[in-house]
Amino acid sequence: PLFVTAGSNTEEPIPSLPGVSRWSVDLAVARAKEPVAAGIPCLALVPNTQADKRSDDGEEALNPDNLMCQAIRAIKDAVPQIGLLTDVALDPYTVHGQDGLLDETGYVVNDATVDALVGQALNQAAAGADIIAPSDMMDGRIGAIREALEAEGHANVQIMSYAAKYASAFYGPFRDAVGSGGLLKGDKKNYQMDPANGAEALREVALDLAEGADSVMVKPGLPYLDIVARVKDAFDVPVFAYQVSGEYAMIEAAAAAGAGDRDALVLETLMAFKRAGCSGVLTYHALHAARLLNG
Ligand code: PBG
């Protein structure tokens, strides 16, 4: 994951994610060269939208010159070898921090949100994204995005669906990173899954594959390895896990407290993902792990 912020020559450390910063687009371009050298195939870009560009309906997500699109174009231009995966969800753009559009009662409405997500996905694809990664958990968005990508000449853009995404307590540092944490009232349980429910994950994955997802994501990672294994057994498609921000922060906190060896903790957790059946892992430890593995 690579967090992007406005301005130039700017690095903003994220206190709840020690060792991870937001980068202005010019510096993000420089950072994007590091994974190539380390053998990492893909970066997940996430914008921290300026406060004055956030709104109730998050329409900045549709701006062809928004921070995300600027970053996609600049990185593709300078580092064409790196794959770019882009998160589709409205939370970096809304004043309420929810991933979708709200009705009068504050409930996130599914179908109107899907229309906005389709526009967001097309905007990212037009800027040069390789993989569209809807992380919003609305129903029906994979089919709608697939259809729109085909219609608009982006047939080769992949979709990695965050198909089994739980309403988790492990996302806190990410919300700090995108600046939505302080804005969010309540929770995301009206669209993200109940951590107690394993069977629903299989139904969500089945729907997203039927709608045209090329690969699926389970999220968070380590506490949900049973879900990874069940999805891999049931569908035999590429399954990825997101070792999310709170998981990264736990490992860093443990290492800092002397409760474990950082390198060993990083490699053991990544090995566990592989053992469970993951084809790949989206992790904030990626560069560090790649360097360890490369000796
Ligand atoms: C937003 C989104 C979240 C994450 C990825 N995309 C947070 C959320 O759903 O509130 C979390 C990733 C992480 O914690 O590293 N749609």
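**Entry 1: cysteines**

I take a disulfide to be a pair of cysteine sulfur atoms within 2.5 Å. The model I am examining is a predicted one. How many disulfides does the count give by this rule? I record 0 disulfides.

I then looked up Cys-42. The closest cysteine sulfur to that of Cys-42 belongs to Cys-278 and lies 15 Å away, which is too far for a bond.

Is Cys-278 buried or exposed? I list Cys-278 as buried, because its relative accessibility is 9%. I list Cys-42 as partly exposed, because its relative accessibility is 27%.

**Entry 2: surroundings of the ligand**

I next turned to the ligand. Where does the ligand sit? I find the ligand in the largest cavity. I count 17 residues around the ligand, and the closest are Arg-175, Lys-188, Lys-219, Ser-245 and Tyr-284. Sorted by class, this shell holds 7 charged, 7 nonpolar and 3 polar residues.

**Entry 3: polar atoms and cover**

I looked up individual atom pairs between side chains and the ligand. For Ser-245, I note an N or O atom of the side chain 2.6 Å from an oxygen atom of the ligand. For Lys-165, a polar side-chain atom is 2.7 Å from a ligand oxygen atom. For Lys-219, I record a distance of 3.2 Å between an N or O atom of the side chain and a nitrogen atom of the ligand. Finally, I checked how much of the ligand is covered. The ligand exposes 400 Å² when taken alone, and the protein buries 100% of that area.

How values were computed:
Residues are numbered from 1 along each chain as its sequence is written. This is a predicted model: local features need pLDDT of at least 70, side-chain atom pairs count only at pLDDT 80 or more; totals for chains, interfaces and linings use all residues. Side-chain values use heavy atoms; hydrogens and water are left out. A residue is near a molecule or strand if one of its heavy atoms lies within 4 Å of it. A polar contact is a pair of N or O atoms within 3.5 Å; within protein, one must be able to donate a hydrogen and the other to accept it, and residues adjacent in sequence count only if both atoms are side-chain atoms. Accessible areas come from the Shrake-Rupley method with a 1.4 Å probe; for residues, only the protein chains shown count as cover. On a 1 Å grid over the protein atoms alone, a cavity is a set of points where a 1.4 Å probe fits but cannot get out, and a pocket is an open set with protein on both sides within 12 Å along at least five of seven lines; lining residues have an atom within 4 Å of a point. A molecule sits in a cavity or pocket if more than half of its atoms lie within 2 Å of its grid points. Ala, Val, Leu, Ile, Met, Phe, Trp, Tyr, Cys and Pro count as nonpolar, Asp, Glu, Lys and Arg as charged, and the others, Gly among them, as polar. Buried means under 20% relative accessible area, exposed over 50%, partly exposed in between (1.4 Å probe, protein chains only).
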